[in-house]
Amino acid sequence: MWELIKSGGWIMLPIVVCSIIAVAIVAERLWTLRPSRISPPHLLGQVWRWVQDKQMDSNKFSELRAGSPLGQILAAGLANSRYGREMMKESIQEAGAKVVNELERYLTPLGTIAAITPLLGLLGTVLGMIEIFGAFMGSGMANAPQLAGGIAKALVTTAAGLFVAIPAMFFHRFLQRRVDELVVNMEQEAIKLVEVVQGDREVELNGDKA
C-alpha cells in the first residue's frame, strides 16, 4: 500500500489527508445524528406532563435545553408561550434554525471532499503524464513497456481520488437525508406543542391524549 501511495507522487498527500478527514466526519456525524439523541420519542409527552403539573421551572427549562436539540426547540416555544401563538412560533423557528445549523455541521466539508478529490486525482495524473512524456522527450528513447508502466503509475492518483470521493459522496447524501428527516420530525413535535399549549385541539402525545 505504501509503495502504491509513493508511486502517486506528492499529490497523494492531500488525497490521503482528505480521506482521513472524511472518515472522521462520517464517524462523528453518524454518532451525533442518532434519532434517539436528536429527537427522543417520548420527550413531548414528558414536557406536557411537566406543564400540566406546573413543574416547568428554571431547572426544568435548563434540563430540557441540555437534553437534546428537540428539547432546545420545545424550551424556546414554552418560554414564550404566554405571549401568544405567533410569538411562540417565532421562538420555535429561531431555535430551530440554530439546531439545523448544528445538525448540518461538517456536511459542507464532506461534500467538498467528495467534489475535489477526483479533481486532485486527475491533476496528479496529468502532472504524471507531463513528467513521463517530458522524460521520454529529453532522453529521445521510448518503448511501450516503459510508457505503459509510467501511465499506470500516473493513473494511481485518479484511482485514489475516486476511491475517496465515492464513499464521501454516498455518506454526504445519506447524512443530509437523515438531517432532513430529523428536521421534519422536530417540526411535527413543535407543531403539536403549539397546538396543545394554545388549547386549539387535543393532540395525541405518544399514544396519550393531552
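Modeller: Residues 12-31 are 100% helix and 0% strand, with end C-alpha atoms 29 Å apart. Helices here are DSSP runs of H or I, at least four residues long, numbered from the N terminus. This is a predicted model, where local features need pLDDT of at least 70, side-chain atom pairs count only at pLDDT 80 or more, and totals for chains, interfaces and linings use all residues. Residues are numbered from 1 along each chain as its sequence is written, and side-chain values use heavy atoms, without hydrogens or water.

Colleague: Why are H2 and H10 called roughly parallel?

Modeller: H2 (residues 12-32) and H10 pack at about 20°, with axes 10 Å apart. Axes are lines fitted to C-alpha atoms over the stretch in contact, and angles run from 0 to 180 degrees between N-to-C directions. Angles under 35 degrees count as roughly parallel. H2 and H10 are therefore roughly parallel.

Colleague: Which residues make the contact of H2 with H10?

Modeller: Contact means heavy atoms within 4.5 Å. In H2, Met12, Ile15 and Leu30 are among them; in H10, they include Val156, Phe171 and Arg178. The contact residues divide into 11 nonpolar, 3 polar and 2 charged. Ala, Val, Leu, Ile, Met, Phe, Trp, Tyr, Cys and Pro count as nonpolar, Asp, Glu, Lys and Arg as charged, and the others, Gly among them, as polar.

Colleague: What makes arginine 173 exposed?

Modeller: Arginine 173 is found in H10 (residues 156-198). Its relative accessible area is 58%. Exposed means over 50% (1.4 Å probe, protein chains only). So arginine 173 is exposed.

Note on methods: Helices (H or I, at least four residues) and strands (E, at least two) are DSSP runs, numbered from the N terminus. Buried means under 20% relative accessible area, exposed over 50%, partly exposed in between (1.4 Å probe, protein chains only). Angles under 35 degrees count as roughly parallel, over 145 as roughly antiparallel, 65 to 115 as roughly perpendicular and the rest as oblique.
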